[in-house]
Amino acid sequence: MCGIIGYIGYDNAKNVLIKGLKSLEYRGYDSAGIAVIKNNKCEITKCRGRVSALEEKVKNIEATAGVGHTRWATHGKVSDENSHPHKFGRVTLVHNGIIENYEALRDSLGIEKELKSETDSEVIAALIDRQYEKYQDCEKAIIESVKMLQGTFALAIIFDGESENIYATRNVSPIVCNQNEKGAYIASDIIAIGQYSRDYFVLPEMTVAKISKDKIEIKDFLGNEIKPKMLKLDWDINESTKGGYPFYMEKEICEQPKVLKKTIEKRVINSLPDFSEDNIDDGIFKNCRDISIIACGTAMHAGLIGKYLIENTCEIPVNVYMASEFIYSNPIINKDTLVICVSQSGETIDTLEALKYAQKKGAKSLAIVNVKGSSIARQSDFVIYTEAGPEIAVASTKAYTTQVAIFYLITARLAYIRGNLNYEGVTKFIDELEKLPNAAEDILNRKSEIHLLAKKLISSEHTFMIGRGLDYPSLLEASLKLKEISYIHSEAFASGELKHGTIALISKGTPVIALMTQRYLATKQMSNIKEVLSRKAEVITFIKKSLVSKDIKCDFALPDLDDDFMAVPSVIALQLLAYYVSSDKGLDVDKPRNLAKVVTVE
């Protein structure tokens with residue numbers, strides 16, 4: 001859950017490193033640091049806080065090689081000492097991941113009194129330094145050290161006395177590499193280095209890369225040369241800038257009509273769902289008896305929408321699992337199960353480990369991810385990319401709605417090939433799906449209305465959300481958005497559960513957000529809204545236009561779509577609500593406290 005950047009070439013490394021760290025700050029922003037090679041020795045500058053604080057400290061540094069890091073604390077408190085890079089002896093490194101046996105390694109090396117930090121990462125540097133003393137060879141020292149590590153890691157390493165090379169190795173945690181006429185670059189995310197070349201590769205696991213100004217050499221642990229699979233960046237690097245918006249989150253909310261259209265259009269041919277461009281074998285849909293969706297957080301909420309759609313339309317049993325609990329819950333998985341893993345980054349460690357577990361049970365797997373070449377994409381039997389483009393804000397918006405769009409397409413394909421919907425039924429389903437971009441645009445054109453509603457929540461400590469049917473999983477996502485960026489305690493409840501205990505939380509002035517988009521449940525939801533109104537709650541309603549009546553005041557009218565397709569416009573409206581609450585409170589919307597975008601440690 002940290003950001004790594006490395007550069008060796010002909011330009012000033014400090015400028016490349018700082019620029020890269022700024023683009024990676026969404027991955028961690030407790031502290032930051034860089035190390036550069038000068039006069040055959042490594043010089044480190046690091047501090048707690050944001051990259052801007054580090055930038056002030058490195059103004060006068062001149063060097064042509066170095067590594068950088070922005071941290072999200074796992075081992076050790078937030079402090080200058082625990083910031084990366086870490087140096088021990090002649091070895092300096094930056095690390096993303098978590099080493100499970102670092103205490104045993106520390107004790108075996110007898111270095112506890114020599115360590116300057118509380119981190120597992122410094123122990124790795126000490127281990128490599130000891131191995132270098134033994135072998136007098138950088139690559140051999142790295143290989144022998146890595147063999148002793150238990151856990152996940154991405155490492156960028158430099159050695160005193162070795163000014164012409166940077167080394168990198170990894171297990172699970174990502175490293176991408178590219179180069180141009182000005183040098184060679186490595187990073188934990190292509191966002192940091194995509195501007196230098198559109199051609200890049202993911203460093204293969206358990207290999208060592210030797211990176212110099214003019215080439216990148218990769219060898220496996222037996223010394224065999226490895227040729228990596230080259231990838232091409234398929235989005236404009238300008239998409240990873242704010243584009244004039246005050247926060248990435250607002251920009252990404254406003255990009256949803258475009259990315260929804262892109263995600264849907266390329267997978268609809270002659271009004272039928274089509275995954276041929278994704279190389280998806282229809283057999284995985286035709287032959288499965290049940291489906292297990294595995295995901296975390298926002299991606300799991302997309303999975304809950306998928307469960308609702310697939311079970312209602314295709315009559316296939318669907319289980320949705322929290323990835324962090326999956327392995328430990330004795331899930332019923334076999335060769336007839338289709339496992340769908342959902343992850344924005346494709347690097348979520350809990351989801352990746354759950355996927356590997358399911359594959360050992362014989363299940364076929366399909367990944368829904370946003371990042372080409374990511375670990376989950378490579379591990380899965382099949383993969384569908386969401387076409388959301390880079391998402392920088394920690395709170396996911398466009399990645400979520402494009403994941404939901406993929407679930408609509410999967411539902412349609414499943415229903416068509418299994419005979420749950422005939423040709424006319426599927427084309428009608430797709431016609432409704434293709435209305436989503438315009439419905440999203442309609443919401444965005446009226447975002448000032450939502451901004452006014454947000455002002456009602458700014459001073460709240462607690463907020464509750466109520467809805468029925470498909471609205472309930474949408475509110476789980478809306479509630480998470482409000483919690484994570486505004487720090488207001490928020491809970492979503494299925495409205496029918498109010499009378500079973502949760503209505504005890506409602507008192508005079510309690511903010512309650514009520515969502516009503518499901519026609520067959522509208523009268524029941526109106527009854528539930530009246531229940532909380534009678535307790536003098538402050539109710540804010542989001543209601544589908546055709547369901548608006550004089551019985552219940554409508555604060556924001558949602559565009560009219562078929563009930564099953566209201567999950568997208570309703571959540572976009574509630575994304576905006578959370579965004580405006582946070583920004584009006586003066587918070588850093590893009591970087592909520594204690595959170596990082598990519599969770600690569602369990």
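1. A residue counts as buried when its relative accessible area is under 20%. In this predicted model, I552 has a relative accessibility of 5% and is therefore buried. I552 is found in the loop between β25 (538-544) and β26, and, leaving aside residues up to four places away in sequence, its contacts are M526, I529, K530, L533, T541 and I543. The C-alpha atoms of I552 and A187 are 53 Å apart in space, the two residues being 365 apart in sequence.

2. The antiparallel sheet is the next point to check against the model. Six strands make up this open sheet, and their order is β5-β6-β7-β8-β12-β13, with antiparallel pairing. Its edge strands are β5 (86-88) and β13 (216-220), each of which pairs on one side only. On average, and with direction ignored, neighbouring strands of the sheet are turned by 25 degrees against each other.

3. The pairing within this sheet can be followed strand by strand. Strand β5 is joined by three bridges to β6 (residues 91-99), the two running antiparallel, and here F88 has V91 in β6 as its bridge partner. Between β6 and β7 there are nine bridges, again in the antiparallel sense, and T92 stands opposite I158 in β7. Five bridges pair β7 with β8, also antiparallel, with A168 in β8 as the bridge partner of A156. The hairpin of β7 and β8 has six residues between the strands, and within that hairpin G161 takes a positive phi near 85 degrees.

4. Strand β7 is mostly covered, since eight of its nine residues are buried, under the cut-off of 20% relative accessible area. Helix α5 (residues 138-146) lies across β7 (151-159), β8 (166-171), β12 (207-211) and β13, and α5 runs at about 20 degrees to β8.

5. A parallel sheet is also present. Five strands form this open sheet in the order β18-β17-β19-β20-β21, and the pairing is parallel. Because β18 (318-322) and β21 (382-385) each have a single partner strand, they stand at the edges, and one side of each is left without a neighbour in the sheet. From one strand to the next, the twist averages 20 degrees. Strand β17 (residues 290-295) pairs with β18 in the parallel sense over five bridges, and I293 stands opposite V320 in β18.

6. Helix α9 (residues 297-314) lies across β17, β18 and β19 (337-343), running at about 170 degrees to β18. Helix α11 packs on the sheet as well, where it touches β17, β19 and β20 (364-369), and its direction makes about 170 degrees with that of β19.

7. For the aromatic residues, a search of the whole structure finds 14 pairs. In one of these, the rings of F326 and Y357 have their centres 5.7 Å apart and their planes at 90 degrees, so the pair is edge-to-face. F326 lies in helix α10 (residues 323-326) and Y357 in helix α11 (residues 349-360), so this pair ties together parts that are 31 residues apart in sequence. F326 is buried, its relative accessible area being 0%.

8. The rings of F429 and F565 have their centres 4.9 Å apart and their planes at 65 degrees, so this pair, too, is edge-to-face. Since F429 lies in helix α14 (residues 423-433) and F565 in the loop between β26 (556-558) and α19 (567-584), the pair ties together parts that are 136 residues apart in sequence. F429 counts as buried at 9% relative accessibility, and F565 counts as buried at 2%.

9. Other ring arrangements may be noted briefly. Y7, Y185 and Y196 form one aromatic cluster. The charged end of K140 sits over the ring of Y135, at 5.3 Å from its centre, while the charged end of R593 sits over the ring of Y487, at 3.8 Å from the centre of that ring.

10. How many disulfides does the model contain? The count comes to zero, a disulfide being a pair of cysteine sulfur atoms within 2.5 Å. C2 is in no disulfide, and the nearest cysteine sulfur, that of C47, is 15 Å away. C2 is buried, with a relative accessible area of 7%, and C254 is buried with a relative accessible area of 17%.

Terms used:
Residues are numbered from 1 along each chain as its sequence is written. This is a predicted model: local features need pLDDT of at least 70, side-chain atom pairs count only at pLDDT 80 or more; totals for chains, interfaces and linings use all residues. Side-chain values use heavy atoms; hydrogens and water are left out. Buried means under 20% relative accessible area, exposed over 50%, partly exposed in between (1.4 Å probe, protein chains only). Two strands pair if DSSP finds at least two bridges between them. Helices (H or I, at least four residues) and strands (E, at least two) are DSSP runs, numbered from the N terminus. Axes are lines fitted to C-alpha atoms, for helices over the stretch in contact, and angles run from 0 to 180 degrees between N-to-C directions. Contact means heavy atoms within 4.5 Å. Rings of Phe, Tyr and Trp (its six-membered ring) pair if their centres lie within 6.5 Å; planes under 30 degrees apart count as stacked, over 60 as edge-to-face and the rest as tilted. A charge sits over a ring if NZ of Lys or CZ of Arg is within 6 Å of the ring centre and within 35 degrees of the ring normal.
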